Amino acid sequence: MLNKYPMWKNVMVILIIAVGFFYALPNLFGEDHAVQVVGTRGVEVTPTVQSEVNDLLTKDGIAVKRSELVNGQLLVRVADADQQLAAKEAIANQLGDKYTVALNLAPATPTWLESVGGAPMKLGLDLRGGVHFLMEVDMNEAIRKMEEAKVADFRSQLREERIRYAGIFRTSKGIEIKFRDEANLDKAEQFLKSRSNEMVFTDTVDNGDYSLLAVMSEAYLKQIKEEALQQNITTIRNRVNELGVAEPVVQRQGAERIIVELPGVQDTARAKEILGATASIEFHMVDDKVDASAAAAGRVPAGSEIYQRRDGSPVVLKKEVMLTGDHITGAQPTFDEYSRPQVAINLDAKGGTIFSNVTKDNIGKPMATLFIEYKDTGERNPDGSVKMRKIEEVISVATIQARLGRNFVITGLDHAESQNLALLLRAGALIAPVSIVEERTIGPSLGAQNIESGLQAMIWGMAIVLIFMMVYYRAFGIIANLALCANLVMIVGVMSMIPGAVLTLPGIAGMVLTVGMAVDGNVLIYERIREELRAGRSVQQAIHEGYANAFSTITDANVTTFITALILFAVGTGAIKGFAVTLMIGIATSMFTSIVGTRSVVNAVWGGKRVKKLSI
């Protein structure tokens, strides 16, 4: 029994531990407070904008630690949180709404380390904090959209019943339906009351004016607001998932607001743009009968409306919406045969039927894709709600060549816009616009004292274990302690390499548990070696038998624990999932360090030698 590892195995052990140490290294450099600037709607951040921002901050007395322009995004690092807030406000006022300006925490990892993929481990809100958004839902817009839907429903229902009416339109009081005679008024009122219990109907007959006013009941208004809030929460959760944020918090606050907390987010500007965007699409037929000069002068038929193309030229579309984005079930950014960006759209069964019928009846006619987006103006309406600006833009006009079904493509976008539009359509449209009324980076939610207590527990627990092992097992205890330290560093290194891994306070508990499990493996091996020595075996035989016989016991114990952690990861959420991830990584690294790592050192020190006594 020579107890010697071949050279390749020793090199492998050293290499694996070295990789773990290398990827754990970025966690020593901390983070910088930063402000991130990203262009919106196709606008790019150029070196000119970078110079303008740097000059502005210098003029305002804000020291810039580093200013980086990478992939069209500007990241300006400053000294502290106060300067970060001042810089964000100054940059936002200077650049306007063509750019998204957001707070960020940027890793202070050296460039040479970043170039080889080194990045710090992401910490949860309870350890490092993250980005906090307080979002407000525009309930007036939700009610307006529902009233428009009711107008369309009333039109179709009255047509089906062949009840003649003069006009249906929205007013400040509600939905007003005009009739030419009292008979149709009475017939419509009776019919609509039976079909729309959520509406309150009031008829008016005055000097030949026959009208029916439909107003939403208080209960129905409350239901609309509740559904708008809940659907927006669901949609925002979907968008957060598309961003790949681990362990986010999305919850309601009061009747109209939503709290969003994103731990460990690096690209906060994109998060802000995606979360706050109320983007949707509508398909309209182009009114090609309108003269171009008349359209330029603003003269269009009553059933049509003027919109702008991306190049600023006018195009007249019919007001009737052929299809909305509500029927979209899938959206993926792709490229056509000429490598131009496009978005491949999939519709649900109802949407596919509608689109099929529309395109069948309009082959050879032009159809436009209208992109609709709401932007926060930063102002308030008289009722206190956030004032939003509606942006409508025709992104493509195409002639219908054949009957279309549930699958088609949208063109006319650049690469970044096709990515964003696909994400928004895939995650679902917001039922009402939302505005970010508060944005800040937040500190640990459990308090500095709790974090300090968690770290102290790990440090003191590890210190006691290290002292015990060194006193009780002597030289072998020192080897076990080296393996234990290597194990913790490797856990940090592995979690730093996994993009979605986030360390939380329960994760620290998992690391403390891993310390005990790692030491337990070495205790089993060392006690087995002692038994073999007491049985009269030679030192080399005792070492060999100790590792060989303890291996199965250690493996069984760790595999069963790993399976338990895997189940916790599969069914758990939030803190439970974070604990499970840390525990699984710790089990894998502890088995490597306690069995393979310590055996490599023991073989290097005592293997192949005539040793009469072991320091164990």
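This is a predicted model: local features need pLDDT of at least 70, side-chain atom pairs count only at pLDDT 80 or more; totals for chains, interfaces and linings use all residues.
**Helix H5.** I started with H5, residues 139-160. Its 22 residues reach 32 Å from first C-alpha to last, close to the 32 Å expected at 1.5 Å a residue. I looked at the start of H5 next and found a side-chain oxygen of aspartate 138 within 3.3 Å of the backbone nitrogen of asparagine 140. After H5 comes arginine 162, with a positive phi near 55°.

**Hairpin E11–E12.** Then I turned to strands E11 (residues 249-253) and E12 (residues 257-263), which pair in the antiparallel sense over five bridges. I checked one of the pairs: glutamine 253 has arginine 257 as its bridge partner. Three residues separate the strands of this hairpin, and glycine 254 in the turn has a positive phi of about 75°.

**Helix H10.** Does the length of H10 agree or disagree with its residue count? At 1.5 Å a residue, its 13 residues should span 18 Å, and the end C-alpha atoms are 19 Å apart, so the two agree. Aspartate 348 caps the N-terminal end, with a side-chain oxygen 2.6 Å from the backbone nitrogen of glycine 351.

**Surface patch.** Last, I looked up a nonpolar patch on the surface formed by Val559, Ile563, Ile567 and Val571, with about 370 Å² of accessible area together. Valine 559 lies in helix H14, residues 539-571. I put valine 559 down as partly exposed because its relative accessibility is 40%.

How values were computed
Residues are numbered from 1 along each chain as its sequence is written. Side-chain values use heavy atoms; hydrogens and water are left out. Two strands pair if DSSP finds at least two bridges between them. Helices (H or I, at least four residues) and strands (E, at least two) are DSSP runs, numbered from the N terminus. The expected span of a helix is 1.5 Å times one less than its number of residues. A polar contact is a pair of N or O atoms within 3.5 Å; within protein, one must be able to donate a hydrogen and the other to accept it, and residues adjacent in sequence count only if both atoms are side-chain atoms. Patches are made of residues with over 30% relative accessible area and no salt bridge: like charges are joined within 9 Å, nonpolar side chains (Val, Leu, Ile, Met, Phe, Trp, Tyr) within 5 Å. Accessible areas come from the Shrake-Rupley method with a 1.4 Å probe; for residues, only the protein chains shown count as cover. A salt bridge is a side-chain nitrogen of Lys or Arg within 4 Å of a carboxyl oxygen of Asp or Glu. Buried means under 20% relative accessible area, exposed over 50%, partly exposed in between (1.4 Å probe, protein chains only).
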